[in-house]
Amino acid sequence: MKALVVREFGGPLILEDVQIPKPGADEALIRVKACAVDQFDLTIRDGKFPTAKTPIILGHEIAGIAEAVGANVDNVKPGDRVTSTLYLTCGRCRYCLTGRETICADFKGYIGIHTPGAYAEYTTVPAVNLVKLPESISFPEGSVIANAIGTPYHALTKRAKIQLGERVIITGAGGGVGVHAIQLAKMMGAFVMAVDIGKEKLALARELGADVLFDASSGDFSGIAREWTNGEGAEVVVELVGTKTFEYALKWISRGGRMVIIGARTGTLWSGSPQAMITNEWEILGSRNVTKRELAEVVALVAAGRVKPIVTGTYPLEEAESLHQRLRKQETIGRVVLEP
Ligand SMILES: [Zn+2]
């Protein structure tokens, strides 16, 4: 089969002819029809993910058709259209057993890092990770559900618990996760301020229902956030950028407000004032991807047309390298998808 292989970190994506993998007893072999491209793929190929090893086949946002299944698998059968969660979890720890498997205590790693991913014509995944896709959802749309829609779904519904009428600021709102966070926040009845850089991204945010836009290329926008909220600050900030915008985020947040952190692309360490935390009773929440149960809920919402997967382009494996270059320069809008 054709696969894009990273032979050394920092090196190119090399199109190679490799063996089709064989599914283990608890796995399914998937004929990959679509694999969405994530910023995280750049982190991995640059060698910035500590436990990743070369050679590596990237790709963790998968949609395809189950081609064969292992002896123990009964939740999917050959011919089923499927998408997959990203994590390799133990299924036995207290977190896995209470529906919080994204914080598994015996975490085994990621598809596309610790197992070969879907920048290839075929891949194998644990069958327990799979959720069926109805015919009404195309494969490129299906590929963005688990991460680009599932991640904000978990963050907004289970972590920030957004309430009707709350004011929500979303940083990085024009990116792959942001465009879906806007739609979900609007569906939950919130008012949304979209923050990103560049006219095109903000125009898309507007189209998806954002009430207020801010082009962050002009820097700190606490002024406009204050004005928008009548000096109160927003009840929720959805942080998709990282420590670079945290200091602003805490200026835009209301007393008793919540900041839910999904993105950590910029910076590593961050300091804040414990006194301000106490005085304002702020809640700082981390949020990690999506559970299998939630993924099924998101698939149902997409199938019903309640959330629209934003796929702005589909490309063959041969164009992955140029796609990565554009992603690195933050030039892509929404999600771009490979069709191996
Ligand atoms: Zn576990």
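Predicted model: local features only at pLDDT ≥ 70, side-chain atom pairs only at ≥ 80, totals over all residues.
When I say that two parts pack against each other, I mean contact: heavy atoms within 4.5 Å.

Let's take the whole chain. It has 10 helices and 17 strands. The radius of gyration is 20 Å, close to the 20 Å that the globule rule gives for 340 residues, so the chain is as compact as a globular protein of that length. The C-alpha trace spans about 60 × 40 × 35 Å along its principal axes. Of the 340 residues, 55% are buried. Now the contacts with a separation of 6 or more: 69% of them come from residues 24 or more positions apart. As for the surface, the chain exposes about 14700 Å². Carbon and sulfur atoms supply 52% of that.

Next, the metal. Which residues are the protein donors of the zinc ion? They are Cys 90, Cys 93, Cys 96 and Cys 104, each through its SG atom. They lie 2.3 to 2.4 Å from the zinc ion. Along the chain, the donors follow the spacing C-x2-C-x2-C-x7-C. The four donor atoms subtend angles of 103 to 116 degrees, and therefore the arrangement is tetrahedral. For reference, the ideal angle for four tetrahedral donors is 109.5 degrees. Buried or exposed, these cysteines? Cys 90 has 12% relative accessibility, so it counts as buried. Cys 96, at 14%, counts as buried too.

Now the helix I promised: α7, residues 243-252. Its buried residues are Thr 243, Thr 245, Phe 246, Ala 249, Leu 250 and Trp 252. Look down the axis of α7: those buried residues fall within an arc of 150 degrees, so they line one face of the helix. On the other side, Lys 244 and Glu 247 are exposed. What do the buried residues of α7 pack against? The list is β10 (167-171), α6 (222-228), β13 (234-239), β14 (253-261) and β15 (283-286).

The C-alpha atoms of Val 192 and Ile 169 are separated by 5.8 Å, yet the two residues are 23 apart along the chain. Leaving out residues up to four places away in sequence, Val 192 touches several others, including Val 168, Ile 170, Ala 210 and Trp 228.

Loops can hold buried residues as well. Take Thr 332, in the loop between α10 (320-328) and β17 (335-338). At 6% relative accessibility, Thr 332 counts as buried. Setting aside neighbours within four places in sequence, Thr 332 is in contact with Lys 201, Arg 326 and Leu 327.

Last, some backbone details. The peptide bond from Thr 54 to Pro 55 is cis, with omega near -5 degrees. Pro 55 lies in the loop between α1 (39-45) and β4 (61-69). Then there are two asparagines with positive phi. Asn 230 has phi near 55 degrees. Asn 289 has phi of about 45 degrees. Asn 230 is found in the loop between α6 and β13. Asn 289 lies in the loop between β15 and α9 (292-303). Which is buried and which is exposed? Asn 230 has 65% relative accessibility, so it counts as exposed. Asn 289, with a relative accessible area of 4%, is buried.

Conventions:
Residues numbered from 1 in each chain as written. Heavy atoms only, no water. Donors = N, O, S within 2.8 Å, 3.2 Å for Na, K, Ca; no water. Tetrahedral: all angles 85-135°; square planar, octahedral: opposite > 155°, others 65-115°. Buried < 20%, exposed > 50% of the residue type's maximum accessible area, 1.4 Å probe, protein only. Helix = DSSP H or I, 4+ residues; strand = E, 2+ residues; numbered from the N terminus. Arc of directions from axis to C-beta. Rg over C-alpha atoms; globule rule 2.2 N^0.38 Å. Areas by Shrake-Rupley, 256 points an atom, 1.4 Å probe, with all protein chains shown as cover.
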